[in-house]
Amino acid sequence: MNHLLFALAAGCLLTLPARAAEPQFALFAGGCFWCVETDFDGVPGVLETISGYAGGTSANPTYEDYVSGGHREVVRIKFDPDRVAYSTLVSVLFHTTDPTDGGGQFCDRGFAYSTAIYALDERQAMDAKAGKIKAEAELGKPIVTPVEGAAKFWPAEDYHQDFGARNPIRYWYYRNGCGRNRTVEALWGDRAYAGVNH
């Protein structure tokens with residue numbers, strides 16, 4: 001009888017489903033956080049995007065004072081590592097921005113709109129640096145996007161979250177008027193928006 005119970009228990013253990021990986025996070029700056037959000041929302045395996053501020057010295061930054069606090073506009077990306085690798089997200093960041101521009105992004109100028117990768121651990125830092133080298137080789141020109149250490153993330157105000165989905169006409173006029181798509185496509189050609197499902 002004990003042998004039968006053991007065999008049944010062993011059989012049950014063999015049929016247990018594989019444990020899903022815990023969600024992970026990435027923190028990227030790519031210019032206007034509305035646009036970074038919408039680009040990453042189109043990546044399979046991304047579970048959530050939240051606009052916010054990071055990298056500065058002030059606490060509790062707001063849209064009115066984050067620039068004076070030395071922060072960038074950023075997006076915190078929650079993702080399923082079983083469905084999308086962090087290295088793929090790094091590649092998406094490069095292919096949806098102009099990482100050769102250190103003065104901002106498109107019509108938005110200044111440090112607050114500059115690109116950056118905030119690596120949350122050593123593995124992310126290694127993957128980000130490798131992705132930067134690969135992207136430089138693709139473009140044949142230097143990429144100025146820094147790979148920085150982890151930074152405190154401060155969520156932006158509610159009216160900034162999911163802005164493109166909630167205000168599609170205003171968002172389209174902003175993105176088109178700022179020249180984001182035109183610049184990305186001119187820089188990357190048929191590799192623009194690689195990894196993004198439009």
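Good morning. In this talk, buried means under 20% relative accessible area, exposed means over 50%, and partly exposed covers what falls in between, with a 1.4 Å probe and protein chains only. By that definition D101 is buried, with a relative accessible area of 19%. This is a predicted model, in which local features need pLDDT of at least 70 and side-chain atom pairs count only at pLDDT 80 or more, while totals for chains, interfaces and linings use all residues. Residues are numbered from 1 along each chain as its sequence is written, and side-chain values use heavy atoms, with hydrogens and water left out.

Let me stay with D101 for a moment. The residue sits in the loop between α3 and β4 (104-105). Helices here are DSSP runs of H or I with at least four residues, strands are runs of E with at least two, and both are numbered from the N terminus. The side chains of D101 and R109 are joined by a polar contact of 2.9 Å. A polar contact is a pair of N or O atoms within 3.5 Å; within protein, one must be able to donate a hydrogen and the other to accept it, and residues adjacent in sequence count only if both atoms are side-chain atoms.

Helix α3 itself covers residues 86-95, and seven of its ten residues are buried, so the helix is largely enclosed by the rest of the structure. The buried residues of α3 are Y86, L89, V90, V92, L93, F94 and H95.

I turn now to the sheet. In what order do the six strands of the open sheet run? The order is β7-β6-β1-β3-β2-β8, and the pairing is mixed. At the edges are β7 (147-148) and β8 (153-155), each of which pairs on one side only. Two strands are said to pair if DSSP finds at least two bridges between them. In general, strands of a sheet pair through backbone hydrogen bonds, either parallel or antiparallel.

Consider strand β1, residues 24-30. Five of its seven residues are buried, so β1 is largely enclosed by the rest of the structure. With strand β3 (residues 72-79), β1 pairs in the antiparallel sense over five bridges, and A26 has I77 in β3 as its bridge partner. With strand β6 (residues 115-118), β1 again pairs in the antiparallel sense, over four bridges; here L27 stands opposite Y118. Y118 also has E148 in β7 as a bridge partner, and β6 and β7 pair in the parallel sense over two bridges.

Strand β2, residues 46-54, contains Y53. Y53 is buried, with a relative accessible area of 0%. Its side chain reaches the backbone nitrogen of Y63 at 3.4 Å. Y53 and F79 are 26 residues apart along the chain, and their C-alpha atoms are separated by 19 Å.

Next, the salt bridges. How many does the structure hold? There are five salt bridges, each defined as a side-chain nitrogen of Lys or Arg within 4 Å of a carboxyl oxygen of Asp or Glu. I shall describe some of them.

R175 forms a salt bridge with D39, and the closest N and O atoms are 3.1 Å apart. R175 lies in helix α6 (residues 168-178) and D39 in helix α2 (residues 33-41), so the pair ties together parts that are 136 residues apart in sequence. R175 is buried at 8% relative accessible area, and D39 is buried at 2%.

Another salt bridge joins D127 and R123, with the closest N and O atoms 3.5 Å apart. These residues are four apart in helix α4 (residues 122-139), and about one helical turn separates them. D127 is partly exposed at 21% relative accessible area, whereas R123 counts as exposed at 57%.

R191 forms a salt bridge with E138, the closest N and O atoms being 3.4 Å apart. R191 lies in the segment after α7 (180-188) and E138 in helix α4, so this pair ties together parts that are 53 residues apart in sequence. R191 is partly exposed at 32% relative accessible area, and E138 is partly exposed at 26%.

A cavity is a set of points, on a 1 Å grid over the protein atoms alone, where a 1.4 Å probe fits but cannot get out; lining residues have an atom within 4 Å of a point. The count comes to one cavity of 30 Å³ or more. Its lining consists of G31, C32, C35, Q105, F106, D108, Y174, C178 and R180. Thank you.

Note on methods: 1 Å grid on protein atoms, 1.4 Å probe; cavity = no way out; pocket = protein on both sides within 12 Å on 5 of 7 lines; lining within 4 Å. Points joined across faces, edges and corners; volume = space filled by probe spheres on them.
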